[in-house]
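Please read it alongside the sequence and the coordinates.

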Amino acid sequence: MPDKDGQVGTSPKRRGLRHHARSTLPRLLRFAIEQLLLLPLGVIIALAWVNAAPESYYRFTFSIAFLVNDVGIAFFFALITKEVVEATIPNGVLHPLRRALLPVVASLGATAVPALLHVRIVESLDEPMLTIGWRVALATDLAIGFFFARIIFGRHPAVPFLLLLGIACNALGFVMVALFDPAHDIRLVNGVLMLVAALAIAAVLRRQRVRSFWPYVLIAGVASWVGMYWSGVHPALALVPIIPFLPHAARDPGFFVDARPGARDALSQFELWWRYPAQVALFFFGLVNAGVPMGALEPGTWGLPLALLVGRPLGLFAGAGLGLALGFHLPHRVGWRELTIIGFVAAMGLSVGLFFAAAILPPGQLRSELSMGVLLSLAGAPLALIGAWLMGIGRFSSERQQR
Amino acid sequence: MRTVGRALVCVLFVVATAPGTLLGQAQRALPNRPGSVKFAAIGDNGTGEHPQYEIADQMSGLHKVFPFDLVIMLGDNMYGGQQPADFVKKFEMPYAALLSAGVKFQASLGNHDRDENVLYKPFNMNGQRYYSYTRNNVRFFALDSTRMDDKQVAWIDTSLARATEDWKICYFHHPLYSNADRHGASVDLRVRLEPIFVKHGVNVVFSGHDHVYERLKPQKGIYYFVSGAAGQLRRGNMSPAEQTAAYFDQDQSFMVVEIAGSEMYFEAVSRTGRIVDAGTITRQAKAAAAGSPPPEPAGSRR
């Protein structure tokens with residue numbers, strides 16, 4: 001029956017449903033993006049797809065792998081860098097820098113112990129080729145870690161400690177991947193020259209007080225990408241050295257706190273513009289890199305999660321002990337019990353872990369085993385929650401509950 | 001006396017007809033022609049345990065009547081410890097008779113091998129993870145399927161394009177097609193390698209990884225064999241599919257192959273010497289290899 005507008009099948013009820021759907025979908029998307037759900041969603045789809053129809057999964061993901069892993073994810077790392085840059089300005093967790101010294105020293109233990117443990121475990125499980133995965137044992141997912149740390153600790157000095165630890169662990173991981181796993185045949189001189197040119201361009205733009213982020217991204221960023229590609233450094237890190245040149249606000253709005261919509265500085269503008277596209281890139285990153293066929297898995301798969309879930313807290317104890325011996329101090333209200341929980345939370349390496357696995361290995365059995373190991377390291381979240389509950393830490397503490 | 005004579009005749013009959021006996025071996029179908037390319041294929045062998053030695057003994061016995069001078073190793077050449085003493089126990093001792101007879105082993109690496117095994121001289125890898133070599137009119141390509149990076153994919157593409165030999169045989173650890181339950185096909189590898197194999201007219205592919213024997217019906221013009229039970233065994237692990245031509249998952253096994261002109265003869269032999277599969281493949285015409293399906297091998301599963 002035509003309605004009063006002469007359209008067939010568009011009753012008011014249907015129009016209402018359509019309108020409801022139109023307004024619900026963007027809201028759902030916004031919710032998914034703000035709650036960091038797109039990466040896990042990509043992971044879940046990848047796991048289901050590769051085990052149901054592997055051929056079509058690989059054809060699709062191989063065709064977009066370069067675009068996602070070498071270009072798209074650069075904006076995610078740029079946003080993480082933006083958080084770190086802001087953390088170094090007044091009010092930021094990295095300001096003053098000496099606050100970061102103990103977590104940085106602790107990160108030595110928190111990376112070395114799981115890396116060594118991983119090597120020992122995969123050797124004992126008779127998968128010597130998986131020893132290459134020790135680099136993946138250095139990774140920590142800052143966003144997921146921050147999410148769970150806030151759930152457990154609320155506003156507590158343990159949260160910035162975790163972030164500093166995660167930044168230091170990942171920085172060590174990126175250095176190791178760059179040193180041990182150059183992306184391809186390198187043209188070092190050309191690459192370094194191009195990188196220097198990129199930094200010079202960014203410095204000139206800053207000196208000229210260019211307020212738009214676009215020249216930084218399109219000129220300096222592209223030059224940096226080419227320079228890194230030629231140097232054998234993973235080009236997904238192309239924007240990392242460029243972001244610190246972007247003019248920014250005088251005070252840090254807070255870690256993973258969105259910039260105000262009216263913010264005028266280039267760094268905040270960059271975040272506002274790229275926040276959603278970077279999350280979409282993260283979705284495709286999960287889709288491309290987390291497709292693990294269950295048949296490919298061998299016992300060595302357990303090496304990485306075991307190394308992380310046992311080695312990260314133990315390594316953190318060792319590293320923090322070293323820091324204390326060197327005369328640094330733990331933050332107020334952070335003791336060994338809190339360090340245990342921080343260790344479990346920092347064991348989760350989702351985005352950075354998958355990135356390292358993809359950077360050091362081509363698709364195949366070994367990468368599948370490492371990627372599954374990264375996914376299994378998410379067991380750090382329930383372990384941290386249960387541990388905090390058992391030890392009465394953070395929001396589970398009796399003082400807090402009495403209040 | 002007559003009873004004893006009858007008993008002797010019966011015993012002789014049983015011995016002569018039982019699978020895996022010397023008489024059974026002497027009746028193998030390989031033509032054993034002079035000047036042909038003769039080789040054996042072993043996968044997932046390096047356990048150092050009794051079944052590996054028994055397979056090696058079968059290979060040595062067969063070598064006396066079928067003098068192959070090459071063994072292609074399909075990966076997982078060493079399990080567990082890989083110290084010098086392990087190389088003795090898991091390679092040099094079991095294959096001592098073949099090594100002393102001058103048989104050359106050409107290895108590819110599996111996921112249980114170590115990178116540095118490419119330097120172990122008797123594996124003849126000359127420090128390379130992937131390489132090629134020829135025997136008469138056959139070019140062999142040994143690949144490292146555990147780390148199939150872009151560089152290796154480009155290498156196999158170029159090397160296959162340049163190969164002028166009549167036969168192109170690729171071997172590596174992870175199978176592009178397999179119907180074993182434990183691992184099955186490595187589809188990620190298949191998506192990357194199969195178009196290259198088809199484009200350049202690869203004739204036959206040998207793999208291991210699944211601890212069974214399986215012969216597949218030609219896939220896009222290429223014959224595939226899984227032979228990953230020359231030491232390890234996953235008994236009863238096969239779930240034969242429509243693409244399975246023959247299989248054996250009840251005991252350890254290895255393969256012997258002979259290429260004479262445009263024919264490739266093959267046999268899969270069990271730990272007890274029983275021939276579990278055999279047949280003949282006629283070399284695909286280049287057009288057929290690129291498109292229309294070739295015939296299934298003449299021969300039989302026994």
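## Basis of the values

The model is predicted, so that local features need pLDDT of at least 70 and side-chain atom pairs count only at pLDDT 80 or more, while totals for chains, interfaces and linings use all residues. Residues are numbered from 1 along each chain as its sequence is written, chains are lettered from A and ligands numbered from 1 in the order in which they are written, and side-chain values use heavy atoms, with hydrogens and water left out.

## Helix H8 of chain A

Helix H8 of chain A covers residues 214-231, helices being DSSP runs of H or I with at least four residues, and strands runs of E with at least two, numbered from the N terminus. Its 18 residues reach 24 Å from first to last C-alpha, close to the expected 26 Å, a span defined as 1.5 Å times one less than the number of residues. A kink of about 35 degrees is centred on A:Gly221, the bend being the angle between axes fitted to the seven residues ending there and the seven starting there.

A:Gly221 is also among the buried residues of H8(A), which include A:Tyr216, A:Trp225 and A:Met228 (buried is under 20% relative accessible area, exposed over 50%, partly exposed in between, with a 1.4 Å probe and protein chains only). The buried residues pack against helices H3, H7 and H9 of chain A. Just after H8(A), A:Gly232 takes a positive phi of about 90 degrees.

## Interface between chains A and B

In the interface, 21 residues of chain A are in contact with 24 residues of chain B (heavy atoms within 4.5 Å). The area buried between the two chains is about 2,000 Å², of which carbon and sulfur atoms give 52%; this is the accessible area (1.4 Å probe) lost on being put together, summed over both parts.

Two salt bridges are counted between chain A and chain B, each a side-chain nitrogen of Lys or Arg within 4 Å of a carboxyl oxygen of Asp or Glu. A:Glu55 pairs with B:Arg190 at 2.8 Å between the closest N and O atoms, and A:Glu123 meets B:Arg114 at 2.5 Å.

## Charged pairs within chains

A:Lys82 forms a salt bridge with A:Glu83 at 3.5 Å; A:Lys82 is buried at 0% relative accessible area, and A:Glu83 is buried at 6%. In chain B, B:Asp157 and B:Lys199 meet at 3.3 Å. B:Asp157 lies in helix H6 and B:Lys199 in helix H7 of chain B, so this pair ties together parts that are 42 residues apart in sequence.
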